[in-house]
Amino acid sequence: MRHKMLPALLTGLALVFALGGLYAGRPPRAEGAHGAITLAVEPASASVSVGGDLTLTLRVNAGDQSLDAVDAVVGYPTALLEVLDADPATGGVQITPGTTLPTIIWNQVDSTQGQIRFVAGLAPGQAPVSGSFTLATIQFRGKAAGSASVRVVGPNEAALGGQLLTVNTQDSVVTVTGTSGGATPTATTPSGGGGSGGSGGGGSPTATATPSATVTPGTGIVNTATGGSVSADGVTVTVPAGATTASTTLTVKVAASSVPSSAAPPEGALPGSTVFTLNLTDASGAAVTQFAQGLQLVVSYQDADVRLAGGDPARLRVYRYDAATATWHALPTTVDTATRTLRATTTQTSLFALMVDLPTPTNLTGPPDGIVFGLGTTLSWTNPPNTAQYQIQVLPFNLDGPAIDLIIGRADLVQAAQFPVPAPVFGQGPYIMLPGMTYTWRVRTSPVTTPLGKDDAGWSAYVSGSFRTAPPTSATIAPVSPAPTTSVASRTPTLQWANTNAAVFYYEVQLSADPEFKTDPALATASVYWNLVHGGEASPPNSWSVPGDFALEGGQTYSWRVRPRVQGDGTPVDWSESWSFRTP
């Protein structure tokens, strides 16, 4: 699954798509404006002895291409190398960040998978960076002799102001020698990029739940007249007397299994420590799959299951998978905390799993009275126990405008359990919310400690809230140029206005030789230019220029007016007063 962390950095911890843009897809990718960026592990070759230490640099070579965020995943062979923790005071294993991109969103080493996830960017208002700089350094220790590739495996992405940038990669080869001693890095001249990094050389880390407990295959013969039980480690299946009349004896087999990729768990549930198959056959060897009386299942649970459940064993369930409909069904489950077991009944054989119904966030708190003034607010909630990461979305009504879709895994940000939606700074951004409309915000959490993508298992169900942004007014808008009733020097003039409400950045502009701006074809007397303008990105700010291909007529008087743009379920506001000028 591709991890959507990088777009979250495009405007300093907020995923802001272009106005009118891509709400379900990825932000647009900038192509060809400057040279491609290279994300390299340096030096390109190095050596270290078993037990010795070696430092490699994760370097960004951007040339003249400006950027404000980088997302990198580095893979390494765990049999040959281990990563030394750069911050022992913080849980997990981290690498050492560079200083050029100071806002660290993700810094985590998966020592089991052999993957390092590092995501960093700039805070709102900081100027984009370019050139060559250190993104992070990684300190390895040699474990066993061999040749180890330290690879930038993807997703490898950089961004600038909401657009993804092309990224190439360069890997490093580390030779681990069989004698102890210090590291001997040997730099070599890079031979060029290692291929396009926009799609990466591999997927993003996939979340792994609690490792399955070992279920020793258990097989037993049960007399259907008297019934009986068969046990394997952690699982006991009891066939009651008279469960079937198909045979006088049944062969019962319980075997460890795993959840296949085609059997995705239901939303808000996560497979726990035990997954098993249950198969019964009659005396002839034919499968028996349904029973008149339910088979009784007793499944042991582990401490790790309770941790995933936020400390509440009542959230543990036994699920049965129906291959015909490709759905999981929660069986009525009784939790016995004294014996640390789950008890359930089934009338069908299948794949079964102990699953955790993940706890959801509580106490959602939005803006006072549900109204946002100034287009910025702070959203907060209470995390379930053991929350390791969260995903937050802020969505405009009908997805009509910029949106936020962000996964956060940095420990201090997760612990804060709040997300500030920054108000725009005119001319700098971030430009997120629009005035006068409804926004839905929702958050979900996960106890899984490896980075999750939005489509991975391990997320709780979403919990939602809503608010409205305050409506704007046109009364705060005044003309700057041309001055009212004056003449302009060009038939392609630039119209500029000022607004004392600096939070407003999106406008509608009308220009016509008809001072009433009639657009009904039956009543119109002149063409009406009607445009949407992002005032914060216009040059000069809050301006619109008549296109050269559609120059105005000479010797004519034109009128123009402006109003803040309202979208979604908002009500359009009145236009400003109109102002006029005359063309040469």
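Of the 65 residues in the largest nonpolar core, which touch the most other members? Leu 278 and Ile 392 do, in a model that is predicted. The legends below begin with the chain as a whole and then turn to individual sites.

**Figure 1. Overview of the protein chain in the predicted model.** The secondary structure amounts to 2 helices and 44 strands. The chain has 584 residues, of which 48% count as buried. Its accessible surface is about 24000 Å², and carbon and sulfur atoms account for 50% of that area. When contacts between residues at least 6 apart in sequence are considered, 72% of them join residues at least 24 apart.

**Figure 2. The largest nonpolar core, viewed around Ile 392.** This core comprises 65 residues, and Leu 278 and Ile 392 touch the most other members. With neighbours within four places in sequence set aside, Ile 392 is in contact with Leu 379 and Trp 381, with Ile 404, Asp 405 and Leu 406, with Phe 419, and with Trp 441, Arg 442 and Val 443. Apart from this core lies another, of 41 residues, which includes Val 41, Ile 116, Leu 135 and Val 152. As a general background, nonpolar side chains tend to be buried together in soluble globular proteins.

**Figure 3. Asp 71 and its polar contact with Arg 117.** Asp 71 belongs to strand E5, which spans residues 69–75. Its relative accessible area is 0%, so Asp 71 counts as buried. The side chain of Asp 71 is joined to that of Arg 117 by a polar contact of 2.9 Å.

**Figure 4. Strand E40 between its partners E41 and E43.** Strand E40 covers residues 506–512 and strand E41 residues 528–534. The two run antiparallel and are joined by 7 bridges; within this pairing, Leu 511 stands opposite Tyr 529 of E41. E40 is also joined to strand E43 (residues 557–564), again in the antiparallel sense, by 6 bridges. There the bridge partner of Val 509 is Val 562 of E43. E40 is mostly covered, with 7 of its 7 residues buried. In a regular strand the side chains alternate between the two faces of the sheet. Both faces of E40 are covered: one side carries the buried residues Tyr 506, Glu 508, Gln 510 and Ser 512, and the other carries Tyr 507, Val 509 and Leu 511, also buried.

**Figure 5. Asp 514 in the loop between strands E40 and E41.** A polar atom of the Asp 514 side chain lies 3.0 Å from the backbone nitrogen of Lys 518. Not counting residues up to four places away in sequence, Asp 514 touches Thr 525 and Ala 526. Thr 557 is 43 residues from Asp 514 along the chain, and their C-alpha atoms are separated by 8.8 Å.

**Figure 6. The open sheet E37-E39-E42.** Three strands, in the order E37-E39-E42, form this open sheet with antiparallel pairing. The edge strands, E37 (477–481) and E42 (543–545), each pair on one side only. Neighbouring strands are turned against each other by 25 degrees on average, direction ignored. E37 and strand E39 (residues 494–499) pair in the antiparallel sense over 4 bridges, and Ser 481 stands opposite Gln 496 in E39.

**Figure 7. Thr 583 in the segment after strand E44.** Strand E44 spans 579–582, and Thr 583 lies in the segment after it. With a relative accessible area of 5%, Thr 583 is buried. A polar atom of its side chain lies 2.7 Å from the backbone oxygen of Glu 553. Residues up to four places away in sequence not being counted, Thr 583 touches Val 488, Leu 552, Glu 553, Gly 554, Gly 555, Gln 556 and Tyr 558.

**Figure 8. Gly 370 in the loop between strands E29 and E30.** This loop connects strand E29 (362–365) with strand E30 (371–372). Gly 370 has a relative accessibility of 23% and so counts as partly exposed. Not counting residues up to four places away in sequence, Gly 370 touches Phe 467 and Arg 468. Gly 370 and Thr 438, which are 68 residues apart in sequence, lie 9.7 Å apart from C-alpha to C-alpha.

Definitions and conventions:
Residues numbered from 1 in each chain as written. Predicted model: local features only at pLDDT ≥ 70, side-chain atom pairs only at ≥ 80, totals over all residues. Heavy atoms only, no water. Buried < 20%, exposed > 50% of the residue type's maximum accessible area, 1.4 Å probe, protein only. Polar contact = N/O pair within 3.5 Å; in protein donor to acceptor, adjacent residues only side chain to side chain. Core = buried A, V, L, I, M, F, W, Y, C linked by side-chain atoms within 4.5 Å. Contact = heavy atoms within 4.5 Å. Pairing = 2+ DSSP bridges. Axes fitted to C-alpha atoms, helices over the stretch in contact; angles between N-to-C directions. Areas by Shrake-Rupley, 256 points an atom, 1.4 Å probe, with all protein chains shown as cover.
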